[in-house]
Structure formats: structure tokens, C-alpha cells
Amino acid sequence: MIESIVKEVVFDRIKVNQVAGTSDTITSDAVDTAGCEGVCFLVTLGAVTATGTATCKLQQSSDNDADGYSDIEGSSKANSGDSATTKQIVIEIKNPQKRYLKLLITRATANVAVDSITALKFGNKKLPITADASVDGTLLLVGPAEGTA
């Protein structure tokens with residue numbers, strides 16, 4: 001059981017600010033899953049034109065070779081198809097079969113902006129975790145009293 005997300009989950013922003021586009025694919029940075037049980041990918045959409053679609057999927061690789069990534073069966077998830085501005089798509093994978101993972105977003109029909117893709121690595125075997133360089137700081141409050149922040 002997780003006692004503290006801040007102390008036990010690695011937050012890694014693996015893609016940022018992708019301007020609106022159609023008919024293309026955005027590929028995240030690779031996530032190294034060594035030493036963790038799984039990864040939860042959080043895709044935050046920006047402005048989406050009414051008919052715009054964003055279809056996400058996961059790929060995996062044993063050695064992080066750019067040509068060695070293959071799709072993970074059943075990992076495809078699309079936005080709802082409405083004007084999904086500032087909505088999120090969440091895909092979680094536990095016990096991946098290969099060490100490295102990437103998330104791909106295929107945009108089609110009309111403009112879709114992507115604010116960010118964040119990977120949350122959980123079930124880490126070595127605690128406490130070391131924060132990723134994309135994290136500027138953390139704060140854990142346990143039973144705090146009311147007062148000046």
C-alpha cells in the first residue's frame with residue numbers, strides 16, 4: 001500500500017507543449033521501468049477542435065533502440081471526440097513485459113493540442129525514490145493544522 005505518493009511515486013514529465021495539429025504522431029520520451037512495478041501515463045490535452053481525435057497507445061522495447069519498439073496489445077485509448085479541451089487520458093500498465101515504454105498520440109481530423117504527458121512510476125523497489133529532473137520540488141503534509149501557509 002502506498003503511504004505517500006510524493007515519497008513512493010516517480011513523476012516524470014516526458015513531453016510538453018505540443019501545438020495544435022492534425023495527421024501526425026507525437027512520441028514521448030522513453031520511460032525506463034527498471035525497479036518499478038508499473039507506470040501510469042497521464043496525457044493532458046489542450047485545445048481540441050470539435051471533431052479532433054487523439055488516440056494514445058503504448059509501445060515497449062527491451063533495449064530502448066528506436067527501431068525496436070512494438071505496440072502493446074490492448075493499449076489504445078482515444079479521447080471522447082467532443083471538444084475535450086483540458087481533459088485527460090490516463091493509461092496504466094502493470095508488470096510490463098519489456099523494460100522501456102513510450103506513449104504515442106496520433107492526432108487526426110481536426111486540431112488537437114497536447115499540454116503534456118506525465119509518467120508516474122509506481123511500486124518502486126528502492127525507497128525513497130529520487131525525483132526526476134522535471135520535478136522542481138515536493139511537499140508532504142501529514143495532519144497539518146490550519147494557519148499561515
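A charge sits over a ring if NZ of Lys or CZ of Arg is within 6 Å of the ring centre and within 35 degrees of the ring normal. Keep that in mind: Lys102 lies over the face of Tyr69, at 4.5 Å from the ring centre.

Now, some ground rules. This is a predicted model, where local features need pLDDT of at least 70, side-chain atom pairs count only at pLDDT 80 or more, and totals for chains, interfaces and linings use all residues. Residues are numbered from 1 along each chain as its sequence is written, and side-chain values use heavy atoms, with hydrogens and water left out.

Next, the fold. The chain has 1 helix and 10 strands. Both are DSSP runs, numbered from the N terminus: helices are H or I with at least four residues, strands are E with at least two. In sequence order the pattern is α-β-β-β-β-β-β-β-β-β-β. The C-alpha atoms fill a box of roughly 50 × 45 × 25 Å along the principal axes.

What about burial? Of the 149 residues, 38% count as buried. Buried means under 20% relative accessible area, exposed over 50%, and partly exposed in between, with a 1.4 Å probe and protein chains only.

On to the core. A nonpolar core is a set of buried Ala, Val, Leu, Ile, Met, Phe, Trp, Tyr and Cys residues joined through side-chain atoms within 4.5 Å. The largest one has 23 residues. Val39, Phe41, Val43, Leu45, Leu103 and Ile105 have the most contacts inside it. Which strands each supply at least two residues of this core? They are S4 (38-48), S5 (53-61), S8 (88-94), S9 (100-108) and S10 (112-122). S4 gives the largest share, 5 residues.

Two loop residues deserve a look. Ser23 sits between strand S1 (10-21) and strand S2 (24-27). Its phi is near 55°, a positive value in a residue other than glycine. Ser23 is exposed, with a relative accessible area of 68%. Asn95 is in the loop between S8 and S9. Phi of Asn95 is near 50°, again positive in a residue other than glycine. Asn95 counts as exposed too, at 56% relative accessibility.

Last, aromatic pairs. Rings of Phe, Tyr and Trp (its six-membered ring) pair if their centres lie within 6.5 Å; planes under 30 degrees apart count as stacked, over 60 as edge-to-face, the rest as tilted. How many aromatic pairs does this rule give? The count comes to 0.
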